[in-house]
Amino acid sequence: MVLIGENLHIISQKVSDAVTQKDKKTLQQMATEQAEAGMDYIDLNVGPARKDPEVMGWLAEVVQEVLDVPLALDSTNPLAVEAGLKAAKWPPLINSASGKQESKERMLPLAAKYDCEVILSVLTDQGIPSDAETRAESIMDTAAYANDLGIENERMWIDPILLPVSVAQQGVVACLEFTQMLPDLLPGVKSTIGLSNISNGVPEELRGILNRTYLVMLQRYGMHSAIVDAFDAELRDLVRGNLPGVVDVIHKVMDGEDVDLAFLPPKERDYAKTTKVLVGKILYSHTWLET
Amino acid sequence: MSYRAPVEGYKGKIVEVVIGKGDRAVKIGGENILAFNQTFDEGEFPNPPKIAFEVWDMEPQGWAPWVLEPYKDVVSDPAAWAKRCEELGADFVYLYLISADPNEKDTPPEQAAELVRRVYEAINIPLIVYTTGNEGKDPAVLTKVAEVLGGENLLLGPVIKEDFEPIANAAKEHGHCVVSQAPVDINLQKELDVKLARILPREKIVLDPLASALGYGIEYCFSVAERTKHVGVMFEDAMMQMPIIANFGAEVWKNKEPKEREELGIAWEEVTAISYFLAGANILVMRHPEVFNVIREMIS
């Protein structure tokens, strides 16, 4: 599975300060740490960057001074993304375009113009689709539009848009269903997902296990990549096949097998409980590991 | 051999909660089907929904005259007011200790508890006691009420995530039920239920997911109540199997239009009541006696 490191994110105070103060060293160090943690891409999230779209170009150069890792250019602002595209040494990934009219008109053409790969989300002007079927409908439209621009399926990374399990548990189940459907819908496309969003609003110490369990589940259904917390070592171990015991438990629960929690070691038990929540069998609450 | 159509039932069952004791004990919950879904013999709804009438511990301001009409001679005496509710046929009296709120009269806990005792002694039906949801004041008031009315098995509420511990502990010590209240959020509701269930058995807990009025977000409240029942009855989630109280009387009658036109207010409260009834509420807290009659007829 291709992992995209999410940690260079403008919402982080450290990143925001470093960008404002043009503190190259801090940013380079953060990028390097992610690469050393085995990230295949480094995501550069500059937010909308309305005042200074050029910041993406600067940031791309800063990171490339020390690293030979492809970049994901993360902004809703096409001007910022284009600044990054001009500066990128390695073929970058646009993060992201969507079915919103403005995105179709201004962001998607950049993928055609710079001949690069692009994350395409199911978002439209109507908002985030509610279930797997409406996600499918929405992405079919947007992908057809992209095809017309000359962007072939192989260059698209489809993002089903994951919402927090604490507020939209059905959406979590819908993203799993959608991931299973995707190869039939759009043969040849890749896929990705903003994984950490699943645990937004969840107590900090409980976020990791939600992220990790869900990624194993998505991996089983053929998810090509994910935008993840680069420093979650257990997450990397899981998707790289170093914890087969845990993966096995998650798969069994996904298959509806009768897993007797009482006989599982504590760690596997927690993963089993988390899987039950993420397949939608058990209503989410912050106390899910305690019952 | 005669043909018998297969019947699909559910495995989950709402917990049966008893409020009050002795002659005035009333059971709620206990169903293993969804409200009004008993087409064949899938399951049972052994205890039809019950109706509570509202009594305030101070003279209400801003109530529509037609809502106040049946009580206008007794509004300054909560005990007499409660008695009147019983005469009108209420299953419960819902006593609202609004005056204890620091933003109202900040009535001391002892005085509030004494009033609850007086109301309780005036009636022969079980008593629900609500405070205003003030986390600073409620625990002192409700623990005092629990102590003074020890063993009478009142329904005390609301307990919220900030103050559930002292109130639930007092209910446990003195033998009462509590209302678990979360703000129209099924996930937070479950979290609070899990925490409460470590202190009290489920048979001592009633859920209040909040109930807004028609036109003021009833869709959200309806969905949360309905889904709570789905999760409890259809998906067997033990922490969502407690009965539900829908407290919408005040939500309906605080609006401008029901205060201006009686028939419109009645229709408004009726539609709101029927909605929560359909969502699966086990106790309805309402205000207008005419609405009460319509709903009573529906229930029977």
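**View 1. β4(A) in the lining of the largest pocket.** β4(A) supplies the largest share of this lining, four residues. In this predicted model, local features need pLDDT of at least 70, side-chain atom pairs count only at pLDDT 80 or more, and totals for chains, interfaces and linings use all residues. Residues are numbered from 1 along each chain as its sequence is written, chains are lettered from A in the order in which they are written, and side-chain values use heavy atoms, with hydrogens and water left out.

**View 2. Into the largest pocket.** The volume here comes to about 1300 Å³. Of its 44 lining residues, H9(A), N45(A), D74(A), N95(A) and G194(A) sit closest to the centre. Elements giving two or more residues are β2 (41–45), β4 (93–99), α5 (101–106), β5 (117–124) and α9 (204–220), all of chain A. A pocket is an open set of points on a 1 Å grid over the protein atoms alone, where a 1.4 Å probe fits, with protein on both sides within 12 Å along at least five of seven lines; lining residues have an atom within 4 Å of a point. Helices (H or I, at least four residues) and strands (E, at least two) are DSSP runs, numbered from the N terminus.

**View 3. What the largest pocket's lining is made of.** Count up the lining and you get 14 nonpolar, 18 polar and twelve charged residues. Gly goes with the polar ones.

**View 4. Over to the second largest pocket.** This one has a volume of about 540 Å³ and 26 lining residues, with T132(B), P158(B), Q181(B), D208(B) and L210(B) nearest its centre. α6(B) gives the most, four residues. The lining splits into twelve nonpolar, six polar and eight charged.

Definitions and conventions: Points joined across faces, edges and corners; volume = space filled by probe spheres on them.
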